[in-house]
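Subject: Structure handover

Hello,

Here is the structure I promised to pass on. Please open it beside this email and follow along.

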Amino acid sequence: MIRVINHITLKLFNTMSPTLAEKEPKTGLSIFESMEENEHEQIIVCSDPSSGLKAIIAIHNTVLGPSLGGVRMWPYESEQAALKDVLRLSRGMTYKAALAGLNLGGGKAVIIGNPKKDKKEAIFRAFGRYVEGLAGRYITAEDVGMSLQDMEWIRMETKYVTGISVALGGSGDPSPVTAMGVYMGMKATAKKVFGTDSLENRKISIQGAGNVSSHLARYLHKEGAKLYVTDIDEEKLDRLVRDTGAIAVDPDSIYDVDVDIFSPNALGGILNSDTIPRLKCAAVAGGANNQLDDESVHGPMLIERGILYTPDYVINAGGVINVSNELEGYNREYAHEQAARIYDTVTRILEYAETHNVPTYTASNNIAEMRLKQIGRIKSIYASRSHFTGRMGELVGRR
Ligand code: NAD
């Protein structure tokens with residue numbers, strides 16, 4: 001039944017190109033060594049003692065366009081831990097944008113502080129001024145630990161912010177578009193595994209009844225899938241069960257349900273040594289970030305169990321697709337259209353994995369790197385006379 005991965009042996013992993021996880025930033029390196037190791041372009045360390053701002057902005061790659069990625073506020077235990085996180089997250093954004101076909105690079109920012117205690121207007125406005133100073137090389141957005149109010153403070157100091165509310169001219173909550181991308185990616189996964197992309201009567205378990213999962217569940221319900229849903233928040237779970245006729249499952253039992261597809265849409269790290277042996281599904285396709293606890297260990301473990309894994313950063317790209325649309329004037333219909341193309345991207349990745357005999361996450365990394373290389377190369381073709389300010393500039397101007 002699972003045609004993609006049956007033929008992949010574990011021996012193969014010794015000869016594969018490094019995975020994203022294997023390229024995880026190492027600790028104990030100097031800043032320049034860390035940057036070289038992960039091919040980062042620029043790190044901006046922002047310190048403003050008067051407001052208390054301590055932040056790091058990492059620009060990983062701008063071959064495709066300005067770097068875009070959220071800002072996260074977190075009480076990191078050390079500056080090294082904050083640096084490691086921002087390097088890892090910014091590189092992830094390069095891959096996500098590249099695969100989504102966007103003309104955006106990868107960037108991310110972290111503010112060191114406790115979001116429950118340390119928030120104040122001046123911190124976010126100071127951060128906004130640093131972003132503005134980068135003149136568009138880094139565009140920020142909301143991430144973990146940030147609220148709408150914090151983003152509005154940032155926006156008071158810079159125009160380089162996306163994902164702001166509709167009332168302020170932004171695109172608002174990205175989760176409906178993320179969910180549509182996950183739905184389309186799940187259909188492409190089903191096509192590969194079952195030979196048809198119809199999800200009618202397919203048994204699908206969903207972890208989470210939050211923003212992404214509730215929209216996803218509605219798409220799946222409409223198509224006639226049989227749903228099993230869980231959440232630690234009983235109110236959200238009850239609402240989703242009422243709306244979709246899903247069967248409610250205990251949070252810890254979601255890994256044991258016998259289904260066709262398991263869709264994680266809550267937490268990261270949930271595909272691990274405890275949960276993978278319990279899974280009873282043919283495929284994993286969900287929107288949660290960083291689902292594999294350790295890609296180099298748990299990726300192979302899934303393959304060994306004959307479970308096809310659709311890489312999270314490919315299937316959940318609807319969010320970044322949505323905010324990227326703000327840069328050219330937001331159009332919800334077009335954002336949905338673009339997110340629907342995740343079907344084709346997933347199909348291409350699964351085909352590549354089969355043809356090249358590599359795991360699906362290696363396939364997605366390779367395809368992203370290919371686009372970066374190819375577009376980087378065409379950018380070396382001379383195509384503009386705008387930098388001539390003399391006679392040639394005037395000639396161009398007269399046309
Ligand atoms: P959300 O907070 O609205 O939903 C997450 C839900 O998971 C919550 O209802 C929470 O109660 C539940 N949950 C937490 N721990 C749980 C557990 N142990 N078992 C079951 N349920 C649990 O968040 P969201 O916006 O729907 O995002 C979900 C995931 O998708 C996250 O990993 C997020 O990073 C990722 N993601 C979201 C978007 C987006 O557009 N919102 C885009 C890309 C990726």
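V229 has A248 in β9 as its bridge partner. The strands behind that bridge are β8 (residues 226–230) and β9, which pair in the parallel sense over two bridges. Bear in mind that this is a predicted model.

**The open sheet**

β8 and β9 belong to an open sheet of six strands, in the order β9-β8-β7-β10-β11-β12, with parallel pairing. At the edges sit β9 (247–248) and β12, each of which pairs on one side only.

Now look at β7. How many bridges join β7 to β8? There are five, and the two strands run parallel. Q207 stands opposite T230 of β8. β7 also runs parallel to β10, joined by four bridges. Here I204 has I261 in β10 as its bridge partner.

Is β7 enclosed or open to the outside? Four of its five residues are buried, so the rest of the structure largely encloses β7.

Together, β7, α6 and β8 make a right-handed β-α-β unit.

**Around the ligand**

Helix α6 comes up again here. The shell around the ligand has 25 residues, and T178, G210, N211, A266 and G319 come nearest. Two elements give two or more residues to this shell: α5 (175–194) and α6 (211–223). Which one gives the largest share? That is α6, with three residues. By type, the shell divides into eight nonpolar residues, 14 polar and three charged.

Next, find L271. Its place is in the loop between β10 (261–264) and β11 (283–284). Is L271 buried or exposed? L271 counts as buried because 28 other C-beta atoms lie within 10 Å; the cut-off for buried is 20 or more. Beyond its neighbours within four places in sequence, L271 is in contact with I276, V284, Q291, L292, D293, H298 and L302. L271 and G299 are 28 residues apart in sequence, yet 8.6 Å apart in space, C-alpha to C-alpha.

H298, G299 and L302 are among the buried residues of helix α8 (residues 295–304). Count the spacing as you look: an α-helix has 3.6 residues a turn, so residues three or four places apart point the same way. The buried residues of α8 pack against β11, β12 (308–309) and α13 (360–378). Just after α8, G306 takes a positive phi of about 75°.

**A hairpin**

Go back towards the start of the chain. Strand β1 (residues 42–48) and strand β2 (residues 53–61) pair in the antiparallel sense over seven bridges. S47 stands opposite K54 in β2. The hairpin has four residues between its strands, and G52 takes a positive phi near 95°.

**Two residues to check**

G306 and G52 are glycines with positive phi. Two other residues have a positive phi without being glycine.

- E39 has a phi near 60°. E39 sits in the loop between α1 (31–38) and β1. With 11 other C-beta atoms within 10 Å, E39 is exposed.
- N201 has a phi of about 65°. N201 is found in the loop between α5 and β7 (203–207). N201 is exposed too, with 10 other C-beta atoms within 10 Å.

Why do both count as exposed? The counts are 11 for E39 and 10 for N201, and the cut-off for exposed is 12 or fewer.

**The whole chain**

The chain has 14 helices and twelve strands. Of its 399 residues, 47% are buried. Take the contacts between residues at least 6 apart in sequence: 67% of them join residues at least 24 apart.

The average pLDDT of the chain is 90, and 89% of the residues score at least 70. Where should you be careful? Over residues 1–22, pLDDT stays under 50. The model has 40 contacts beyond four places in sequence for residues 1–22. Where pLDDT is low, the predicted coordinates should not be read in detail.

Best wishes

Note on methods: Residues numbered from 1 in each chain as written. Predicted model: local features only at pLDDT ≥ 70, side-chain atom pairs only at ≥ 80, totals over all residues. Near = placed C-beta within 6 Å. Nonpolar A, V, L, I, M, F, W, Y, C, P; charged D, E, K, R; others polar. Contact = placed C-beta atoms within 7 Å. Pairing = 2+ DSSP bridges. pLDDT = per-residue confidence, 0-100. Right-handed = clockwise from strand over helix to strand, strands pointing away.
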